[in-house]
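Reader: I am new to this structure and would like to learn how to read its features one by one. Could we begin with the terms and then turn to the cases?

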Amino acid sequence: MQTLSSSSTAGVLLDLCGVLMLLLAFACLASKLFNRYVAYYGTQSVVLSFAAGTAAVAFHSAELWILAALTLAIKGIAIPVAARRLLVRRLALKRDTAMSTGLSTSLIAGGALTAFAYLVTRPALLPHGTVAVAVVPLSTAVILLGALSMVVRRHTIAQLVGWLIVENGVFLGGITLVSTFPFIVEAGIFLDLVAGVLMMVVFVSGLTRQLAGASAEELKELRG
Amino acid sequence: MIALAVLAAGAPLTGPLAAACGARARVAGLAQAAGAAVALGCAVALLVALLHHAPLLAWNGFLYVDALGGFFLLTVSGVTLLAALGSIGYMAAEEQRGELSRLQVRLYFAFFGLFASFMLGCFETGNLGLLFVLVEASTLASVALVGIEGRARSLEAAWKYVIISSLGVTIALAGTLFLFYSASALHLGSNLGLTWPFLFAHAHALAPQSLRLAFLLAVVGYGTKVGLVPMHTWLPDAHAEAPSPASAMLSAALLNTGMYAVIRFLAITQARLGGTYPRAVLLSFGFASIIVGALFMVRQGNFKRLFAYSSVEHMGIIAVALGFGGVLGLYGALLQTLNHALAKSVLFLSSGDVSLRYRTREAEKVSGLLAAVPVTGGALLLGSFAVLGSPPFGLFLSELTIVRAGFAHGSPVFPLLLLALLGLAFVAFARTTTGMVTGPPAATPSPYGDRGSAALTAAPLVIGMAALLVLGLWIPAGLDEVIRHSIAVIT
């Protein structure tokens, strides 16, 4: 399997993409507005698509080109737009109040998880001098941060965005670690499908809750 | 053989087909049951063929059936048949009473068949990427079954189920990536490099460090679908909120599908790293599951949640058996899988009848089942004792095998701990179910419109209990041979 050295241009670019994705995951963790969650996720996906494009150039891989295009079109544009229109606006959501810890606590936990990601992926696992050494800990940290935001937030949309960030982390690791993974495009398309279904579930359950809330208020008005 | 394999996975689609044509509960259910029966027949025929021929490998490894896959095909198609039979009466009654609309009933059968087909497909592919896709697809198909009643509670359970399982399966994808990475010394670029038989045959060339990580990620990821503690939190909610025949499918088929994926990763890891590391992982998750499952059973008033925690406990037992390893441990694990699937199908299906009659899921509000509804009451009572591992039922035999494997493996601490926990689970579980079965009967009208539906509801209970009894008294020679072949495949 081809490996990319960390000092090559592509290697530096991939590293940069990884850092940006980690920062965006932190930004999402630190935010309280539903609109921001979606925006940070969308930006992160665009960065991921750029990383996939870089890897495609470096490895001369047609599959990775497809992945980059799909990531940009679906994760970068379609999912954020749909989430904003269908979920945030339609369900009239603004501020996320359903958090089980404060923001500062979750940020500190996020920092600890990032350190943990470096701790577990560094020793002896990856060949020295390759870009994977730099990027795999970053992608692991993105995965852990996504999972963390699923844990500390109780709202379905926040959990959905958390899962999407986990997925981005897995794909960042995938394109740098195993660029020849034969199933990556199919897996990507399939997970986009899963994301679609999850959004539908959020929508239906949000609507049900909204209707239930509305009918309860009507009942209150009919007093006396 | 290829045709047989395709038919085995595709046959349960008769239910969705009937539902799409607008059939009502009765007809769609019968079509579903017929499809499941065909699938079961194909599974048996495949197994017979596999005993005499080499494993089926076709389409670049996308289609791969060996004895282990055949064994799980048999188990899951059998469960599908029982659950489909149970669905007929349950859904007809719900439709008649207006609890579920006609559309909901049709959706139920549409997703029921898809769910079964995806799970059966999991056992027929050698490609680990496709396995990941099919496992996640089965989650998506079953989430509709969990949330079908459309109430706030069931939607919450459905959300919890789908988001936790999706996260788990995404982690399993990371595990698959690391497994592929560990094979980078083999210079693979094609889909062949991702097929299980190929990786298993070349296990010696895998990089041990990343293989360790891959195994751990796979156990955590697919373990989420198995319901291993601490990834089990979706399980009690989903099992309690789904309609009872769907709960039977979740508990007796879906959990086994997750375990099947774990076994595939286990085989590769064991071939490269030896037994110590996977044993530590599986024993930790297994005992955690047994302890949590048994403790949560102690004060559980909702009988469907009680059965769900019992599933957590049993999956823990199977993980422990896989951890003990050796021929004896694997034999016990596979036998336990089959027995647990049968017993849990019977229990959940009888709980369906109970909740239809009493309109409650609280064990306290149910009494005198044995006098009021002898078949259901009897199945619930005998099924409880069977699932708790008392003789003469199959689980006694399989749990005995597992404990023996534990003593053979060395330290007597683990099998003794296992026995103690089984005792705790026995008391906790039997206390609740015997209360439901005995006592003065309450007068409840039959929820079924006609005698036919009532008989169809009783049929899977009787069939399941009979099979459990047979497996407890004697293991048919064919089944014994199948299990031995399965073990030979993965060691």
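Predicted model: local features only at pLDDT ≥ 70, side-chain atom pairs only at ≥ 80, totals over all residues.

Author: Let us start with what a helix or a strand is here: helices, of at least four residues, and strands, of at least two, are DSSP runs, numbered from the N terminus.

Reader: What is phi of Arg359(B), and is the residue buried or exposed?

Author: In general, most residues other than glycine have a negative phi, and most peptide bonds are trans. Arg359(B) has a positive phi, near 55 degrees, although the residue is not a glycine. A residue counts as exposed if 12 or fewer other C-beta atoms lie within 10 Å of its own, and Arg359(B), with 12 such atoms, is therefore exposed.

Reader: Where is Trp59(B) found, and what is its phi?

Author: Trp59(B) is in the loop between β1 (56-58) and β2 (63-65) of chain B, and its phi is positive, near 55 degrees. Trp59(B) has 12 C-beta neighbours inside 10 Å, so the residue counts as exposed.

Reader: Which peptide bonds in chain B are cis?

Author: Among them are the bond from Val229(B) to Pro230(B), with omega near 5 degrees, and the bond from Pro391(B) to Pro392(B), again with omega near 5 degrees. Pro230(B) belongs to the loop between α9 and α10 (234-241) of chain B, while Pro392(B) lies in the loop between α16 (374-387) and α17 (394-408) of chain B.

Reader: How many residues does helix α11 of chain B have, and what does it reach from its first C-alpha to its last?

Author: One way to read a helix is to set its span beside the expected one. Helix α11 of chain B, residues 244-273, has 30 residues and reaches 42 Å from its first C-alpha to its last, close to the 44 Å expected at 1.5 Å a residue. Because 27 of the 30 residues of α11(B) are buried, the helix is largely enclosed by the rest of the structure. After α11(B) comes Gly274(B), with a positive phi near 80 degrees.

Reader: How many residues does each chain bring to the contact between chain A and chain B?

Author: The size of an interface is often given as the accessible area lost when the parts come together. Here the reading is by residues: the contact takes 30 residues from chain B and 30 residues from chain A. On the side of chain B that touches chain A, α6 (128-146), α7 (152-182) and α9 (208-226) each supply at least two residues, and the largest share, 14 residues, comes from α7(B). By class, this side has 18 nonpolar, eleven polar and one charged residues.

Reader: Which residues does Leu177(B) touch?

Author: Leu177(B), which sits in helix α7 of chain B, touches Gly173(A), Gly174(A), Leu177(A), Val178(A) and Phe181(A), leaving aside residues up to four places away in sequence. Since 25 other C-beta atoms lie within 10 Å, Leu177(B) is buried.

Reader: What can be said about chain A as a whole?

Author: Chain A has seven helices and zero strands. A compact globule of 224 residues would have a radius of gyration near 17 Å, and chain A, with 19 Å, agrees. Its C-alpha trace spans about 75 × 35 × 20 Å along the principal axes, and buried residues make up 47% of the 224 residues in chain A.

Methods: Residues numbered from 1 in each chain as written. Chains lettered and ligands numbered in written order. Expected span 1.5 Å × (residues − 1). Buried ≥ 20, exposed ≤ 12 C-beta atoms within 10 Å, placed from the backbone. Contact = placed C-beta atoms within 7 Å. Nonpolar A, V, L, I, M, F, W, Y, C, P; charged D, E, K, R; others polar. Rg over C-alpha atoms; globule rule 2.2 N^0.38 Å.
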